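Keep the 3D view open as you read.

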Amino acid sequence: MPRSIPALVAAALIGAAAPLPAQETMRDTIRYRLGWDNPASQLYTVETTAYVEDGPIVFSLPAWRPGRYIIQNYAANVQRVRARDGQGRPLAVEWADLDSWRVEPDGADEVTLAYEYYANEFDAGGSLLRPGLAYFNPINLLPWVEGRQSAPARLTLEVPEDWPIATQLERTDDHGVFVAPDYHALVDAPTIASPENVRWEFTHGDVPYYVVLRPKPDLGAYDRETILEDIEAIAAELTAMFSGAPYEEYWLLYQFVPRRFSHAVEHASSASFVRWNESFSSREQYLALLGTTAHEIFHAWNVKRLRPAAMWPYSYDDPQLTRLHWFTEGVTSYYHFLSVVRAGVMTEAEYFDMIQRAIQALQNSPGRKVTPVSLASWTSWHTGYGAGNPNQSVSFYTKGALIGLLLDLEIRDATDGAASLDDVMRSLYAEYYERGRGMPEDAVREAAEEIAGRSLDAFFEAYVHGVDELPYDEALEVVGLDARQVAEPDEPSATMGVALRESGGGAVIVNVLPESPALLAGIMRDDVLVSIAGEEVEGTDLDPILSGFEPGDRVSVVLLRGGERIEREVTLEAGGNFRWAVEPVEEPTPRQIRIREAWLAPSGERTP
């Protein structure tokens with residue numbers, strides 16, 4: 001059965017309270033209607049109805065959504081704002097600020113705010129309307145009534161009777177009518193209504209899981225049974241780790257597109273995915289799909305329930321600043337593939353390959369030497385998603401995942417395998433979420449120190465709040481793994497230190513690494529690379545050209561800068577063919593084997 005949680009927390013924070021019966025609507029219920037006239041216009045019609053207390057009513061649209069910590073200004077998609085009373089009489093309405101509207105009741109008992117919302121953002125956190133598809137994240141387009149976020153809500157989705165609807169929202173007896181205990185639960189529910197929906201399901205631990213695919217992609221070498229078995233194995237691993245599921249049902253909403261794309265967003269009882277329709281075309285793509293699935297399910301515990309005090313409760317109109325995204329997102333990313341290997345769906349060798357890829361990604365990021373990951377968490381609101389100087393940014397997903405790995409192995413080493421980061425996760429969940437409060441900023445360190453039985457100040461200061469290089473080899477030695485840089489003999493060792501993208505048939509420089517040969521020669525971002533040593537650059541792969549040179553060679557580089565042709569002399573340096581490798585040591589000790597086996601074993605089957 002689902003793990004029991006305090007009724008107050010369940011009702012106020014995740015929407016697990018009993019739904020309102022279909023035939024009853026309490027006076028304080030906020031009523032929403034969502035429909036459209038012509039889906040080709042991509043305009044949803046949004047109506048919100050609330051009873052009148054005293055004075056004007058203010059309706060406000062969120063400026064951001066949980067899961068993406070940056071202001072997104074959803075009100076920019078709003079047009080034709082108007083208001084009326086219960087008899088259809090027009091009422092005065094004005095923009096109170098950039099995403100709020102004030103309505104004067106003028107003696108009315110209830111008022112309705114209406115507008116059109118332009119829905120043309122197709123990712124896991126966006127909304128899209130087109131013929132045959134109504135997909136939306138309610139947080140994009142449904143406003144709250146000021147002072148009444150805790151009021152019950154009722155949503156009527158006006159779709160054809162034969163359209164299947166996939167959502168975590170509580171159903172009523174009426175097609176397209178849903179209820180929620182409060183605004184937070186209402187807007188935490190991505191919804192897909194489409195005749196293209198294909199729904200599979202399985203049950204684990206008395207909890208039903210619904211797997212929705214739209215449209216159903218080519219499954220390649222995989223089939224329905226295999227896919228469901230693998231997802232169930234992952235869900236089984238995670239619920240075993242936390243001793244039960246915190247949700248009464250769970251929805252996995254997969255939408256597929258004909259381009260290389262991957263985006264997913266977590267919710268209390270569901271996850272939304274928009275992915276390349278080749279996700280089943282290879283083992284690599286399939287494991288990527290399963291890893292992301294594990295990531296989002298893990299979020300049901302970490303960040304949807306256990307979350308920083310700064311986000312407790314959510315406030316959707318202003319940034320909620322925390323230095324803990326390296327934990328909420330990064331440590332979730334650590335469990336991303338660890339859960340898949342523990343579930344028996346991925347081999348140990350495949351998991352070690354995922355670790356080395358993460359190391360490679362971080363070590364290729366110059367920002368790791370500039371910006372602490374805790375600061376990157378804080379500043380995500382303006383630099384966390386690609387803005388600013390690329391050489392100062394660091395991903396709190398990637399570095400946070402590797403810090404999670406190192407912290408886990410640090411605890412296992414300190415306790416001779418008797419305890420782990422799993423214990424830290426469970427401790428934090430019980431101490432904060434189950435007691436109805438958010439985590440203080442130092443909660444992770446304090447819990448980790450208690451579990452490890454020793455101070456971790458130096459660890460956190462160096463790697464979380466500092467920019468020291470992560471000690472991969474030292475950490476992985478605990479489980480008998482060797483992390484090191486190796487040279488690829490078939491790749492050129494000489495490098496310029498630039499990143500390219502193809503644009504308009506030319507190779508545009510999108511980044512110049514700090515202290516690189518290119519920067520020392522005065523080459524800049526947005527220069528167009530024309531030739532190297534007289535050989536024309538075609539595409540973005542410089543290996544065929546650089547393979548003819550050695551580190552230390554001087555080459556002439558021709559560029560276009562603002563349409564002007566310029567030439568620079570570049571002295572190439574070594575390192576272009578280095579990559580990170582993570583492999584088992586040849587002769588592991590009994591202790592290394594014991595701790596490694598416990599680390600990778602399914603939850604509930606581990607011995608120290």
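Arg357 is partly exposed, with a relative accessible area of 41% in this predicted model. Its salt-bridge partner is Glu284, and their side chains meet at 3.1 Å, N to O. Glu284 sits in helix α5 and Arg357 in helix α7 (residues 348-363), so this pair ties together parts that are 73 residues apart in sequence. Glu284 counts as partly exposed too, at 46% relative accessibility.

Now hop over to Glu410, which forms a salt bridge with Arg454, with 2.9 Å between the closest N and O atoms. Glu410 belongs to helix α10 (residues 398-414), while Arg454 is in the loop between α12 (443-452) and α13 (457-464), so the bridge links parts 44 residues apart in sequence. Glu410 is partly exposed at 26%, and Arg454 is partly exposed at 37%.

What about strands? Arg82 and Glu116 meet in a salt bridge at 3.0 Å, N to O. Arg82 lies in strand β4 (residues 78-85) and Glu116 in strand β8 (residues 110-118), so here the parts tied together are 34 residues apart in sequence. Arg82 is partly exposed at 28%, whereas Glu116 is buried at 7%. The structure holds 35 salt bridges, and Arg33, Glu47, Arg84 and Glu158 are linked in a network of them.

β18 (207-214), α4 (224-241) and α5 (283-298) each supply at least two lining residues.

Definitions and conventions. Residues are numbered from 1 along each chain as its sequence is written. This is a predicted model: local features need pLDDT of at least 70, side-chain atom pairs count only at pLDDT 80 or more; totals for chains, interfaces and linings use all residues. Side-chain values use heavy atoms; hydrogens and water are left out. Helices (H or I, at least four residues) and strands (E, at least two) are DSSP runs, numbered from the N terminus. A salt bridge is a side-chain nitrogen of Lys or Arg within 4 Å of a carboxyl oxygen of Asp or Glu. Buried means under 20% relative accessible area, exposed over 50%, partly exposed in between (1.4 Å probe, protein chains only).
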